[in-house]
Amino acid sequence: MNIYPIAKRIIDFLLALFLLFILAPFFIGIAVLIKLTSEGPVFFKQRRIGKNKKEFYILKFRTMRVDTPKDTPTHLLHNPETYITKVGSFLRKTSLDELPQLINILKGEMSFVGPRPALWNQYDLIAERDKYGANDVYPGLTGWAQINGRDELPIPIKAKLDGEYVEKMSVLFDIKIFFLTIIKVLKEEGIKEGAATVSDQAPKQRGVN
């Protein structure tokens, strides 16, 4: 019996609780900046697919205007810079907008490492992940596909990488992904903020952050 998934959930809970306590002043500072520089709520909520395809609402710091088209990955928007706020641009480049997902982890909806949660309407990505059992684990704050291409990956490759993660899931593999994620964030690799061509507009052509 593989006990790591159980241990992983305990580690996720304790680490998320610790980080939320330590980063509380930082959260407050970001929240104040968001409220002072743009209209709208501090947090952005969006329907995503979790473990066993159960839906939940992912949390992020809001980085875009409230009139931004809903349920569309940012990299599929044309001229996304017209929607991204000044503070939001910084948060996205540094991935600080993802910090509220510590709450999702604490609630048992996500893990620190796992396949990134698909949008509820990314039916092709969800179906492709079914082939590899990637919908049977907790989605992650970061993952194997994230550090191997992120927005640039076609859905079949992304789903296959998610499947590789499920097969290799272990404490050492999670640690490897975690530290490689830090390197990717610092280098700002694999981030795509707009649709390049008409063919890119359909959500089925790309994954989601």
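Aspartate 130 counts as partly exposed in this predicted model, its relative accessibility being 38%, and its side chain takes part in a salt bridge with lysine 53 in which the closest N and O atoms are 3.0 Å apart. That pair links distant parts of the chain, since aspartate 130 belongs to helix 5 whereas lysine 53 sits in the loop between strand 1 (43-49) and strand 2 (55-61), 77 residues away. Lysine 53 is likewise partly exposed, at 41% relative accessibility.

**Salt bridges**

- A search of the whole structure finds 9 salt bridges, among them the one already described between aspartate 130 and lysine 53.
- Another of these joins the side chains of aspartate 174 and lysine 8, with an N to O distance of 2.7 Å; this pair also links distant parts of the chain, with aspartate 174 in helix 7 and lysine 8 in helix 1 (residues 4-22), 166 residues apart.
- Both aspartate 174 and lysine 8 are buried, whereas aspartate 130 falls in the partly exposed class at 38% relative accessibility.
- Glutamate 109 forms a salt bridge with lysine 107, the closest N and O atoms of the two being 3.5 Å apart, and lysine 107 is exposed, because its relative accessible area of 54% lies over the 50% cut-off for that class.

- With a relative accessible area of 3%, arginine 116 is buried, since the class takes in residues under 20%.
- The side chain of arginine 116 makes a polar contact of 2.8 Å with the side chain of glutamine 101, a residue that lies in helix 4 (residues 101-106).
- Glutamine 101 counts as buried as well, with a relative accessibility of 0%.

**Aromatic rings**

- The count of aromatic pairs comes to 6.
- In the pair formed by phenylalanine 178 and phenylalanine 179, the ring centres are 5.6 Å apart and the planes stand at 85°, so the arrangement is edge-to-face, the angle being over the 60 degrees that this class requires.
- Phenylalanine 178 is partly exposed, with a relative accessibility of 38%.
- Elsewhere, ring pairs link Phe27, Phe43 and Phe61 into a cluster.

**Nonpolar surface patch**

- Val171, Leu172, Ile175, Phe178, Phe179, Ile182 and Leu186 make a nonpolar surface patch of about 710 Å².
- Valine 171, one of the residues of this patch, is placed in helix 7 (residues 171-187) and counts as partly exposed at 41% relative accessibility.
- The patch also includes Phe178 and Phe179, the two residues whose rings form the edge-to-face pair described above.

Terms used. Residues numbered from 1 in each chain as written. Predicted model: local features only at pLDDT ≥ 70, side-chain atom pairs only at ≥ 80, totals over all residues. Heavy atoms only, no water. Buried < 20%, exposed > 50% of the residue type's maximum accessible area, 1.4 Å probe, protein only. Polar contact = N/O pair within 3.5 Å; in protein donor to acceptor, adjacent residues only side chain to side chain. Patch = residues over 30% accessible without salt bridge, like charges linked within 9 Å, V, L, I, M, F, W, Y side chains within 5 Å. Areas by Shrake-Rupley, 256 points an atom, 1.4 Å probe, with all protein chains shown as cover. Salt bridge = Lys/Arg side-chain N within 4 Å of Asp/Glu carboxyl O. Helix = DSSP H or I, 4+ residues; strand = E, 2+ residues; numbered from the N terminus. Phe/Tyr/Trp six-rings, centres within 6.5 Å; stacked < 30°, edge-to-face > 60°.
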